[in-house]
Amino acid sequence: MEKVTVLWADDEIDLLKPHILFLEEKGYEVHTATNGNAVMEIIKKHDFDIIFLDENMPGLTGIETLVKIKNLHPNLPVVMITKSEEESIMEEAIGSKISDYLIKPVNPKQILLSIKKNLENKRLIVEKTNSAYQQEFQKIGMRLNENLNYNEWIDIYKQLIFWELEFDSSKDESMVEILKMQKLEANNLFTKFYEKNYQNWLNGKTSDIPVLSPTLIRKKVIPLLSLNNPVFFILIDNLRYDQWKILQPVIEENFRVTEDQLYFSIIPTVTQYARNSLFAGLMPSEIENLYPQYWVNDEDEGTKNNFESELLGEQLKRITGKEIKYSYNKILNYTAGSKFSENINNLLNNKLNVLVYNFVDTLSHARTEMEIVRELAKDESAYRSITLSWFEHSPLLEILKQLSGKKLHIVITTDHGSVFVHNAVKVLGDRNTTANLRYKQGRALQYNKKEVFEVRNPLDLHLPKTNISSSYVFTRGYDFFAYPNNYNHYVNYYKNTFQHGGISMEEIMIPVITLNDK
């Protein structure tokens, strides 16, 4: 390993000989300069890993030298050393992108710490992260073998997402692979938990029931309507919990997160079922029975979510017994988002304003169909990154900024998540079978019962029964359905894409966030 090279510039450099000897004994190669002009001459001839720069030197000042260094080497770490504690000098140095700021007199250990912080920071973080996860790995593994309830599953999933985001920063591929294996194990066990308990939740046969799609608005939104301030309910279609966590720091620049929770989507985890259920406050078969004019079955032609506003209105009347003044807007493109942003002040007289923002779902579909988007979002880490990039330049962020400073409540949520699939399971059905890769609904479906969660009687799970012989089957974890005809082509095309409709932690456990103004 090559020695770390240090340049130390100070007009009293001879007085710092003990410090320099200390660094050399630690294995660093130290060069010196006594003024700013000398610094610029030296760095044109030699490469350095870090520079220590006295702020008060004759000729070029430390700040002036710093600017010249950054023009030549923008990413070279520079540590400013000064006798002055004046705030203006500190601010000027920080604004010029220094890496650290030390006040004289400095001792050798301060210098050593600054070097480690700037040059070995990444390595030390990786080592600390790896060590911490290795300890957590065993704890999580032991917990997975316990009889977990839904709250404990939420806690497990949050822990796994925490470590996933930690390894995004460290880029340690070996640890990422270990985490993937643990997530696979967790997903396998979670699907068993969900399948075992789901029907009991729907039928109220247990008191331990999570918030589900049809109870979300009743439990998380309607209580806020009794307060004085208007409520903005923002649904970002197909937003996973890990995606929320990378958006959170941007949102927290203007808002305080008062609740960061997960609720459970119904199955199928697709917009037609989960989002209609959310806005209606009912299960799909109940919507079909009570409001047949608002329900479109899988086999029927037409858009499946044209009546979300009407279903919401019916739910509000049913639960509150009042006529709630509300607005409903669906944003499908940048222009519509900008137009909504311009109209926000006109919505503040409403008790409830609903905004459905359809970008993340579009991204997941585009990633399947478009080669360039596949390359940009080649894995889950990149998928998170592209989501953040979109958000930082989207009208949605502008909308949130405009809502900042106003007396109101904001709930951010989604209807379902998506999962990065890579394992194909075979299914056979007739031409009326649904095209979704994570669930199939149809007649005379053929499959391996061990590979799927089958629902022979859809009404058991409050799902519409379009035909007397209709049934549903759902994939689990990272599986997706493939037809035997042209099997290899089908598998190669859809492998490593983001899909939804089935049962996995990523699709089922999804964020519901409450914000208040700072």
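This is a predicted model: local features need pLDDT of at least 70, side-chain atom pairs count only at pLDDT 80 or more; totals for chains, interfaces and linings use all residues.
Proline 105 sits in the loop that runs between strand S5 (100-103) and helix H5 (108-119). Another cis bond leads from isoleucine 267 to proline 268, and here omega is near 0°. For proline 268, the setting is the loop between strand S7 (255-264) and helix H11 (271-280).

Asparagine 238 is not a glycine, yet its phi is positive, at about 70°. This residue belongs to the loop between strand S6 (231-236) and helix H10 (241-251). Asparagine 238 counts as buried, because its relative accessibility of 0% falls under the 20% limit. Asparagine 496 likewise has a positive phi, of about 60°, although it is not a glycine. Its place is the loop between helix H19 (487-494) and strand S18 (497-499). With a relative accessibility of 31%, asparagine 496 counts as partly exposed, because this value lies between the limits of 20% and 50%.

The axes of H10 and helix H17 (residues 380-392) come within 9 Å and cross at roughly 35°. The crossing of these two helices is right-handed. On the H10 side, the residues in contact are Asp242, Gln243, Ile246, Leu247, Val250 and Ile251. They meet Tyr383, Arg384, Thr387, Leu388, Phe391 and Glu392 in H17. Sorted by class, this contact comprises seven nonpolar, two polar and three charged residues.

The last stop is strand S7, which contains glutamine 261; the loop of proline 268 lies between this strand and helix H11. Leaving aside residues up to four places away in sequence, glutamine 261 touches Lys158, Lys220, Ile510, Pro511, Val512 and Ile513. Between glutamine 261 and asparagine 276 there are 21 Å in space, C-alpha to C-alpha, and the two are 15 residues apart in sequence.

Conventions:
Residues are numbered from 1 along each chain as its sequence is written. Side-chain values use heavy atoms; hydrogens and water are left out. Helices (H or I, at least four residues) and strands (E, at least two) are DSSP runs, numbered from the N terminus. Buried means under 20% relative accessible area, exposed over 50%, partly exposed in between (1.4 Å probe, protein chains only). Axes are lines fitted to C-alpha atoms, for helices over the stretch in contact, and angles run from 0 to 180 degrees between N-to-C directions. A crossing is left-handed if the near helix is turned anticlockwise from the far one by less than a right angle, and right-handed if clockwise. Contact means heavy atoms within 4.5 Å. Ala, Val, Leu, Ile, Met, Phe, Trp, Tyr, Cys and Pro count as nonpolar, Asp, Glu, Lys and Arg as charged, and the others, Gly among them, as polar.
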